[in-house]
Amino acid sequence: MCSVERGAQLQHQFDDIEQQRQADTLGMWAFLATETLFFGGVILAFSVYRLYYTKGFIEAAHRLHLGLGAINTAILLGSSFTVALAVHAASLGKKKRLVGLLLATGILGLAFLGVKFCEYWSEYREGLVPGLRFTYEGPFPAQVRLFFSFYFVMTALHAAHMVVGIAIFAVVAFQAWRGRYSPEYYSSVEVSGLYWHFVDIVWVFLFPLLYLLRG
Amino acid sequence: MTPLEPSPPVTARETYLNAGYSLKSWLLALDHKRIAILYFVSITLFFFVGGAFATLVRLELMTPRGDLVSSDTYNKLFTMHGIIMIFFFLIPSIPATLGNFLVPMMLGARDLAFPRLNLLSWYIFVAGGVLTMVAVVSGGVDTGWTFYTPYSSAFSNTSVVVTVVGVFVTGFSSILTGLNFIVTIHTLRAPGLTWGRLPLFIWSLYATSIIMILGTPVLAISLALVGAERIFHVGIFDPASGGDPLLFQHLFWYYSHPAVYIMILPGMGVVSEIIPCFARKNIFGYGVVALSSLAIAFTGFLVWGHHMFVSGQSVYSGLVFSFLSYLVAIPSAVKVFNWTATLYKGSISFHTPMLYAFGFLGLFTMGGLTGLFVAALGVDVHVHDTYFVVAHFHYIMVGGMVMAYLGGVHFWWPKISGRMYPEWIARFSAFVVFLGFNLTFFPQYVLGYLGMPRRYHSYPDEFQVLNVLSSAGASILAVGYVLPLIYLLASLKYGKAAGPNPWIATGLEWQTPSPPPTSNFPTTPTVTAGPYEYQDMEVPFVQR
Amino acid sequence: MASMSPRTSTIVFAVLMLLLVATVGAAFVPYDRWQLGWAGVAIALTIAATKAILIARFFMHLSAPAPLPRLLALMAIVWLGILFALSWSDYLTRSWLPASRGWTESAARRESEP
Amino acid sequence: MNESFRLLPESASSVAASTDALYFFLCAISAFFTLLIFGLVFYFAVKYRRRSAEPPPRLAASNALEAFWTLVPFGIAVVIFFWGAKLYFHISRPPSDAMDIYVIGKQWMWKVQHPNGRREINELHVPLGRAVRVTLSSQDVIHSFYVPAFRIKQDAVPGRYTVTWFRPIRAGIYHLFCAEYCGTYHSHMIGRVVVLEPERYQAWLSGTPLDEAPEEAGASLFATLGCITCHGARAPTLAGLYGSEVRLADGGTARADEQYIRESILDSTAKIVSGYPPIMPSFRNQLTEEQLFDLLAYIKSLKDPLEKRKAQE
């Protein structure tokens, strides 16, 4: 990495590259705080109805595919793993390894979305989609409908964040392939990694709340 | 009266204003000062649009029968007045204009931490504004700025979804501004500028930014859920399918009460800068005033339930929220006492910024004290959703926030435009604003306790006298607001050239020429003393 | 900024997968047979919280010397706690006041004196 | 309604005087602090106006002063809080001997139902001196039952019951407003509360034909809907149910107030009584609010035999 490129990275309002890297990390953490409150609001709504309509929500949780949910969680944890390795590779300046790991993360993300789409499709076929096709006759119909409204709102929000994450990794992988990052300055990889880990943490909480509370 | 004659042209020094005249150089500007000007223009536009709606509302309320417009149109008028004034003027005004312009300069930095994000936040703000204007043009929305469900989600047949998306989008511009400020204040302070030497304007913007990034997302999700409810009938707030309408109120007020602190904290920051400068004295109790901004930012999130005392919320949580609401009043009271104590043994001059600061001090005190009425459970049962509440929040928003905003604009106008505004016209318009304001909103306290509910298109006859008084005051207030627009724009051409420090004020922004060059400081300044060391500076404007 | 060695990443990943298996297993315990419905919720959420802390501490380098990311993460959690605690304070106590029966009979005697 | 210009609303209920007392106390506090701040600012502005070019001395901060003007406002705030809370508790606990009135908010009118079956629109006749307990619900959006002269306000929330009460102490006609924005004719949703002396109230009551009392309407509904087939044998008996503690299937207990009865009718499997299978069908979207009130009145009128005997002694 010749020094000219490194000079090009430093933006004029910063004194040195370390200050810029700290600012980027702090900026992403502030953004993640906003995302925490964003998902927190809808999880609060879910928790209130789970408190009021316990039986209906337990009944509805049994309708979800626990297996697919568990696989998805494993996929997402795996993608967090590959991102951690990618950040490490970037810090050592191993370009090929970095690009490979970033692409792996993107592929795992797409796999997650694929599994998610299969779940949506089977739920649509079973008539569990409020608004589109809701032909559920079991006990507590109103409460089950409410549960599935939350299920689709929360997982769709999460999936949207996944799509944004995958797009970011595609751009960062392309930039890495063009050799823009160096061991001194790779904060784009680090910051997109932080965002991805956050999306993973959101799923770490969504999975038990939706799939596992079958007590 | 200094005669208004065209002043000599500013010397051909490179400033952020003459760094480029093309539209592209403005619309794609990354310089925080230019983005501040873009925000100035857009929020002034929105202020006068919101003001026009307010004028129509006041005209409508002159007569009990309410025969100026139909009740449907009236509902849309007060809704748009609320939405535009709050989301498109009050929330962005000081942070996005004076804040964007001054934060880097007060910190001795060349620019904010993320200039591109700053420009993006302006474009998002304008996109949200355009969307809301589309909603206005295509029939308006009549849910009130509070969007209470189930009316907003099931019963209103106006363009609620377009407005909700507009406000959702504008919320992100507020998040980006807050995020930018927090990172800049943490990482780009000049050498020697410790937290104990930060100007109080920066402290108040720091506290505001905390509220912006931690509160706005919850508004985003609650409005998104209303949108989802209208489009997909998810039933989260729909009582027919088991939903709880109060849940929306919890999510909405979780943001919307701290939002009133987003609006007032920057105003407090401006007043903390103006009073020491024109009293030539250090602020009394710097540490306490700085920490009270953070205290307001934190306790502001604990009190939202006082909007729901009679909404069917549980009696016990009403008690909790009422007590916490009294806690949040304490830091504001402490600030007022400290400002007043700053005047003691000062050397006070009565320039326009100081007049606006005095106005803020008095009116914010009255607004804050009437907050004690609506936080007292027993009284709130009577005055909730009446004109008493309307008067309370207008005393704080218009009496406090807009006064401080005008004070700040006049105080930093020489730095922003390089020109002085005409002093005597400005003092006159400050009095007009003060008089018009009190005549408009004090009668509403009496109306409120008499029991006139909010958002009424027509009302019983016995309320007419006070309403006519209020409408009369509104016309004077309107004049008071149009005057600064005229003479400030005129001062761009006719104003006297202002030197780097016309008020002989402390603060890094006054140690660079006005209007400042694009990179603010030739070399990064170092700070050696506290923020308001006026005791060893010469005293200007002394009449013998 | 010494980012984490692959060895620790692998260990953390393995622990995360173990926790995933644990939480899925815990879901099949029939809590409601012993009226312990809330225990199921508590177990599931504590496991999820541990996974989140592991990811945040190791993968997101929260343990790095810079204090500010930790401060922001803590503030996000505290503000979330405020939202949950005060909203639930309404929902949990909404039925405490039996609006119909009024409180004890003595309430009727005291009602005359405000 | 006299047209004279007033600064305070009439105080026509037992609570009005104490609300006004707290209001005057708050006005006094506000006047004191406003005059204090305005006075100090004006005094300092005049006394220390700029006359010399000599910079004023730097004043040291004083923690004692800061503590003083933190604790004093806090002390005053706590006093106001307790006073307001005591008043609020009094307002939110209806006395048990109060007369029951059911009010349904519907987009842009108030539908009032008296215990003896009288139904009124936007009118509420009540006897002087008698406590009145108003049970509120709404058919569409949130409305708010607000009588300024009685200083009481309570939102009518769709999907559940909310309760407020008042005891009129002066005869007359008073405004009834809707205080929560509810749509196009929110400002036309105005009614009148007419407080009559007891004898004139009886005359009004007996003057016009009575509709069917809610208990009878409820009883006939109870039969036509088929509730009677189970409730008596295979389902829990409803006699004396109202106000009692019910043991639930999941081990908890619930107080059988209006909200419980309404929920058990509309969402029958939400709270299942212990020892009974969850086989009751849900009556959601089959009953209007009036019918629900009638059923409720009927169930409340079912006294179990021993309590009925106690009531007769």
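Mentor: Start with two helices: helix α9 (residues 245–279) of chain B packs on α11(B) at an angle of about 15°, with their axes 9 Å apart. Axes here are lines fitted to C-alpha atoms, for helices over the stretch in contact, and angles run from 0 to 180 degrees between N-to-C directions. Helices (H or I, at least four residues) and strands (E, at least two) are DSSP runs, numbered from the N terminus.

Trainee: What does that make α9(B) relative to α11(B), roughly parallel or roughly antiparallel?

Mentor: Because of that angle, α9(B) is roughly parallel to α11(B). Angles under 35 degrees count as roughly parallel, over 145 as roughly antiparallel, 65 to 115 as roughly perpendicular and the rest as oblique.

Trainee: Which residues make the contact?

Mentor: From α9(B) they are Met268(B), Val271(B), Ile275(B), Pro276(B) and Ala279(B), and from α11(B) they are Lys335(B), Trp339(B), Thr342(B) and Leu343(B). Two residues are in contact if their C-beta atoms, placed from the backbone, lie within 7 Å. By class, that contact has 7 nonpolar, 1 polar and 1 charged residues. Ala, Val, Leu, Ile, Met, Phe, Trp, Tyr, Cys and Pro count as nonpolar, Asp, Glu, Lys and Arg as charged, and the others, Gly among them, as polar.

Trainee: Before I go on, where does the model come from, and how is the numbering done?

Mentor: This is a predicted model, where local features need pLDDT of at least 70, side-chain atom pairs count only at pLDDT 80 or more, and totals for chains, interfaces and linings use all residues. Residues are numbered from 1 along each chain as its sequence is written, while chains are lettered from A and ligands numbered from 1 in the order in which they are written.

Trainee: Okay, chains B and D. How many residues does each give to the contact?

Mentor: Chain B gives 79 residues and chain D gives 74. On the chain B side, α11(B) gives the most, with 14 residues. That side divides into 45 nonpolar, 24 polar and 10 charged residues.

Trainee: Switching to chain D. Which domains does the assignment give?

Mentor: Domain 1 covers 8–43 + 64–211 and domain 2 covers 214–312. The bounds come from an automatic or database domain assignment. Taken over C-alpha atoms, the centres of the two domains of chain D are 31 Å apart. Their contact takes 9 residues from domain 1 of chain D and 7 from domain 2 of chain D. On the domain 1 side, β1 (99–106) and β5 (132–138) of chain D each supply at least two residues.

Trainee: What does β1(D) pair with, and in which sense?

Mentor: β1(D) pairs with strand β2 (residues 109–113) of chain D in the antiparallel sense, over 5 bridges. Two strands pair if DSSP finds at least two bridges between them. Lys106(D) stands opposite Met109(D) in β2(D). The two strands form a hairpin with 2 residues between them, and Trp108(D) in the turn has a positive phi of about 85°.

Trainee: Last one: how many helices and strands are in chain A?

Mentor: Chain A has 7 helices and 2 strands. From the N terminus on, the order is α-α-α-α-α-β-β-α-α. Along its principal axes, the C-alpha trace of chain A spans about 70 × 30 × 30 Å.
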